[in-house]
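Subject: Structure handover

Hello,

Here is the structure for you to look over. My notes follow below it.

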Amino acid sequence: MSDAGDDDIPQLSSHTLAALQEFYAEQNQHTDPCGEDKYNIGIIEENWQLSQFWYSQETALRLAQEAVDAAGEGGRNGTQSLAHTRIACVSAPSVYQKLRALHREHVSVYIFEFDKRFAMYGEEFIFYDYNHPLDLPEKVTAHSFDIVVADPPYLSEECLRKTSKTIKYLTRGKILLCTGIVC
């Protein structure tokens, strides 16, 4: 046998290989964040295959502030004594991250997300598949959130209809719905 076949094996240049190794190193940093950095928007990269597009820092901050203001202190516009405001972020991870980064006392925030990379948030992560809108853990009870911030992953009637079932189940009445639909 001749060695002529070895010439057909593709090889990366040293420059390209170094760039690829740098890319993998950055990816590893993003998948194992710790401390307060884990709430920075972009710490988990967008995944276009999952129709993920993060909000800018400014937009996420504005939505987070609107959610807290709408919920009121102690939830239910302050009518609950010594209660925590509960906010659900359905398919809105950058809003969740901004809410958590604000370090607000008396605000509990949960992220309902299909992407299991967000499981790094522990008990605040709830696996969510809009195709099964009410397939939620037992600990998530009906009408237990003061406000639901939702950004359905797809611009389709089916996705919005199914996500709406989840929203109606979770909320006590207040909803902040974000979509890219232009009317």
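**What was found**

The chain has 4 helices and 5 strands. Please note that this is a predicted model. Reading from the N terminus, the order of elements is α-α-β-α-β-β-β-α-β.

Some totals for the chain. It has 183 residues, and 38% of them are buried. Its accessible surface is about 11300 Å². Carbon and sulfur atoms hold 52% of that surface. Of the contacts with a separation of 6 or more, 61% are between residues 24 or more positions apart.

Next, the strand pairing. Strand 4 (residues 145-150) and strand 5 (residues 171-177) run parallel, joined by 5 bridges. The chain gets from strand 4 to strand 5 by way of helix 4 (residues 157-170), and this β-α-β crossover is right-handed. In this pair, A150 sits opposite L177 of strand 5.

Then the cores. The largest nonpolar core contains 22 residues. Within this core, I87, C89, V95, L99 and V149 have the most contacts. Two or more residues each come from helix 2 (57-71), strand 1 (85-90), helix 3 (93-101), strand 2 (107-113) and strand 4. Helix 2 gives the largest share, with 6 residues.

Leaving aside residues up to four places away in sequence, V95 touches Y55, L63, A64, C89 and V149.

There is also a second, separate core, made up of 15 residues. Among them are Y110, I126, Y128 and Y130.

Best wishes

Technical notes: Residues are numbered from 1 along each chain as its sequence is written. This is a predicted model: local features need pLDDT of at least 70, side-chain atom pairs count only at pLDDT 80 or more; totals for chains, interfaces and linings use all residues. Side-chain values use heavy atoms; hydrogens and water are left out. Buried means under 20% relative accessible area, exposed over 50%, partly exposed in between (1.4 Å probe, protein chains only). Contact means heavy atoms within 4.5 Å. Accessible areas come from the Shrake-Rupley method with a 1.4 Å probe; for residues, only the protein chains shown count as cover. Two strands pair if DSSP finds at least two bridges between them. A crossover is right-handed if, with the strands pointing away from the viewer, the path from the first strand over the helix to the second runs clockwise. A nonpolar core is a set of buried Ala, Val, Leu, Ile, Met, Phe, Trp, Tyr and Cys residues joined through side-chain atoms within 4.5 Å.
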